[in-house]
Amino acid sequence: MNLSLILIILLVGAFATFLAGDKLASKVALFFGLAAAACSIVLLNHYNLGENISFINQWIMQPNISFALKADGLSMAMLLLTTVLTPIIIFSSFGNDYKNSKSFYALILFMSFAMAGTFLASDGLLYYIFWELSLIPIYFIALIWGNGDAAERKKAVVKFFIYTFAGSLFMLVAFVYLYQKAGSLLIEDLYKLNLSATEQLWIFLAFFLAYAIKIPLIPFHTWQASVYQKAPTVGTMLLSGIMLKMGLYSVIRWQLPLAPLAAKEYMFIFIGLGIAGVIYGSIVALRQKDLKKLLAYSSLAHVGLIAAGAYTLTLDGLRGAVLQMIAHGFVVVGLFFVAEIIFRRYETRAIAEMGGIRSQTPKFTSMFLILVLASVALPSTFNFVGEFTVLYSLSQINIWFAILGGTTIILGAYYMLKMFQHAMLGETNTKIFADVTFGEGTTLVIIIAVLFFFGMYPKPIIDLITPSLQEILTQINRIN
């Protein structure tokens, strides 16, 4: 049993979902999503027992390319994030009707397949192929099933596609150069290269363009808010919950170990970019009147902090970044689902048209409040563990980084609680707000349970990721 099984399940699931027809597509997709999640947990158990679940096979003889999937704590954590969130996202969509649903759900599974492959690939070309493959399904999901004016939606989605594809080409050029130096693109061979400081700088910048657009970091964020708003909620969940983590993961897996001299030389600049994103995202979120756009800018602030933590090049920074990646994945999916639940009943995302919902549905209000508090890193929630660790790592570099980075908590608490107040509290709304269905409630309860469990007991994830992060840090601190 090895990691290729996960990819087979998701790819077969995508084809099976398409062939199942519109009537059964959602149920077939959920079945394969759950199967992939169960398989990931089984593989994690094998990994924890010390068994080799990695997979490597010669793929192309000339050039020397391998189909290599690597299992370590970091890749397993990101695989679990992908395979656990995928069925949650699919199940959350059951309250919506989609035209040509067989294609819609097949694209979700295919995107999950590509994202899982990105997290597992340990050959540069294979990694690049999976990276680009993940872009295709979200392009069609957002373009065909998105909301709002069709012309504006097309403009936003095409901008996103061109932006991310163009950034990735710089990464491909970097891989071509690295292949010429190493004669292989296996990550172990690339780690052994002794590149000059100049070479490392260019490699670092090439990777940075691809990752900064995907995450996104300012000033490469201009595609984000409009795509998050125009995409269907399922697409927004996939983008914010999993896909942007590809960029953050890749910073840790590929960029920092391959170009450590550049990372150390320009550390303060890249930490500064991350913190600038925190402040900018928080301030712009304060002014948003659309719930999805507010959550989009909130996400921009949070991922800026995660990136700043990763660029500290400390164990606490890397560990905090990974913990926050996972926590953010769950909480942002929960918040976007809340926005969808409200839209199903009121057919609006304008915060001003909400209000007075609490008296009609106290259960939903309570779950929404828990997610809001989790997003602002309330102690005992998973986000607190990640944010505290990242802020501690920033304080080790410079106390002002930690102070400025901490604005994500202060400003975040202000705009999130203000949004909650306007959306849920006040006089009873004249529009009837039907209580959450069993499926909607179940989805929210699962997400909240994950956030509380790992908020109070993060040890399993910390123990899983720490050894691989220590190995990466050793690679970063090697003497060329």
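1. The largest pocket holds about 350 Å³ of space. It is lined by 13 residues, and Leu80, Val84, Phe330, Phe454 and Ile461 are the closest to its centre. A pocket here is an open set of points on a 1 Å grid over the protein atoms alone, where a 1.4 Å probe fits, with protein on both sides within 12 Å along at least five of seven lines; lining residues have an atom within 4 Å of a point.

2. This is a predicted model, in which local features need pLDDT of at least 70 and side-chain atom pairs count only at pLDDT 80 or more, while totals for chains, interfaces and linings use all residues. Residues are numbered from 1 along each chain as its sequence is written, and side-chain values use heavy atoms, without hydrogens and water.

3. Helix 3 contributes four residues to the lining of the largest pocket, the most of any element. Helices are DSSP runs (H or I, at least four residues), numbered from the N terminus. By class, this lining has 13 nonpolar, no polar and no charged residues.

4. The second largest pocket has a volume of about 280 Å³. Its lining has 14 residues, with Asn96, Asp97, Tyr98, Glu340 and Phe343 nearest the centre. Four of the lining residues are nonpolar, five polar and five charged. Helix 15 supplies the largest share, three residues.

5. Valine 42 is in helix 2. Its relative accessible area is 36%, so it counts as partly exposed (between buried, under 20%, and exposed, over 50%; 1.4 Å probe, protein chains only).

Note on methods:
Grid points are joined across faces, edges and corners, and a volume is the space filled by probe spheres set on the points. Helices (H or I, at least four residues) and strands (E, at least two) are DSSP runs, numbered from the N terminus. Ala, Val, Leu, Ile, Met, Phe, Trp, Tyr, Cys and Pro count as nonpolar, Asp, Glu, Lys and Arg as charged, and the others, Gly among them, as polar.
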